[in-house]
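Visitor: Hi, could you walk me through this one? I'm new to reading structures.
Guide: Happy to, let's have a look together.

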Amino acid sequence: EPEVTQTPSHQVTQMGQEVILRCVPISNHLYFYWYRQILGQKVEFLVSFYNNEISEKSEIFDDQFSVERPDGSNFTLKIRSTKLEDSAMYFCASSVRGGNLKDNEQFFGPGTRLTVL
Amino acid sequence: DQQVKQNSPSLSVQEGRISILNCDYTNSMFDYFLWYKKYPAEGPTFLISISSIKDKNEDGRFTVFLNKSAKHLSLHIVPSQPGDSAVYFCAAIYSGGGADGLTFGKGTHLIIQP
């Protein structure tokens with residue numbers, strides 16, 4: 001069964017460093033998302049991406065964050081200058097469609113645990 | 001601002017009995033609701049969804065009920081099995097505004113006891 005994959009599974013970085021989290025969405029999906037879950041808190045929406053541009057972003061997704069689909073398969077989240085509070089589990093998700101259309105269910109990857117020291 | 005609330009952090013149910021997980025929401029604009037299941041060290045797995053134009057959706061052992069007037073939804077699992085032990089997240093979306101991002105509750109840890 002097709003699944004969303006994410007690399008690396010765990011990333012440790014120093015405060016102020018740039019990190020790139022990578023995702024390979026399900027191949028026939030057109031909508032891509034990033035979420036994060038800080039330890040002990042709920043899963044929070046960061047950004048959605050469709051047709052090679054950001055479709056929606058939350059207030060968490062500030063100028064330190066960017067997303068890119070560099071080729072036909074990868075979807076990346078870049079954090080330019082990491083802060084201690086960026087430590088969290090980052091989940092990538094994808095769906096065939098968005099909004100309230102049929103087949104809008106979002107399928108999640110296993111996550112990347114980011115630890116900022 | 002908790003727009004989606006799951007007030008029970010955990011729930012313990014005997015194997016074979018019914019598990020009922022509850023979720024409340026405050027944003028009346030939400031028009032689509034989903035339940036996800038999450039095992040440790042894995043991402044959330046989609047279980048079942050319901051549109052705001054319906055009040056019930058059933059898929060095998062899983063049924064979701066929506067009460068729009070009370071802004072309440074519930075997930076029923078019958079019969080409960082040991083493999084159902086996981087954290088269950090309720091999520092909602094206001095798709096009518098072109099939104100894509102899900103708003104999640106904090107989750108309920110379901111423990112199925114043998």
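Guide: Let's start with a term: a salt bridge is a side-chain nitrogen of Lys or Arg within 4 Å of a carboxyl oxygen of Asp or Glu. Please keep in mind that this is a predicted model, where local features need pLDDT of at least 70 and side-chain atom pairs count only at pLDDT 80 or more, while totals for chains, interfaces and linings use all residues. Residues are numbered from 1 along each chain as its sequence is written, chains are lettered from A in the order in which they are written, and side-chain values use heavy atoms, with hydrogens and water left out.

Visitor: OK, how many salt bridges are there over all chains?
Guide: There are three. In one of them, B:R61 meets B:D84, at 2.8 Å from N to O. This pair links distant parts of chain B, 23 residues apart: B:R61 is in the loop between β6 (56-59) and β7 (62-67), and B:D84 is in the loop between β8 (72-77) and β9 (86-93). Strands here are DSSP runs of E with at least two residues, numbered from the N terminus.

Visitor: Is B:D84 buried or exposed?
Guide: B:D84 is buried, with a relative accessible area of 1%. Buried means under 20%, exposed over 50%, and partly exposed in between, using a 1.4 Å probe and protein chains only. B:R61 is partly exposed, at 21%.

Visitor: And which residue does A:E44 form a salt bridge with?
Guide: That's A:R36, with the closest N and O atoms 3.3 Å apart. A:R36 is buried, with a relative accessible area of 11%.

Visitor: What about B:K56?
Guide: B:K56 forms a salt bridge with B:E58, the closest N and O atoms being 4.0 Å apart. B:K56 is partly exposed, at 42%.

Visitor: Switching topic: what is the strand order in the open sheet of chain B?
Guide: The five strands run β1-β3-β8-β7-β6, with antiparallel pairing. Two strands pair if DSSP finds at least two bridges between them. β1 (4-5) and β6 of chain B are the edge strands, as each pairs on one side only.

Visitor: How many bridges join β6(B) to β7(B)?
Guide: Four, and these two strands run antiparallel. As an example, B:D59 has B:F62 in β7(B) as its bridge partner.
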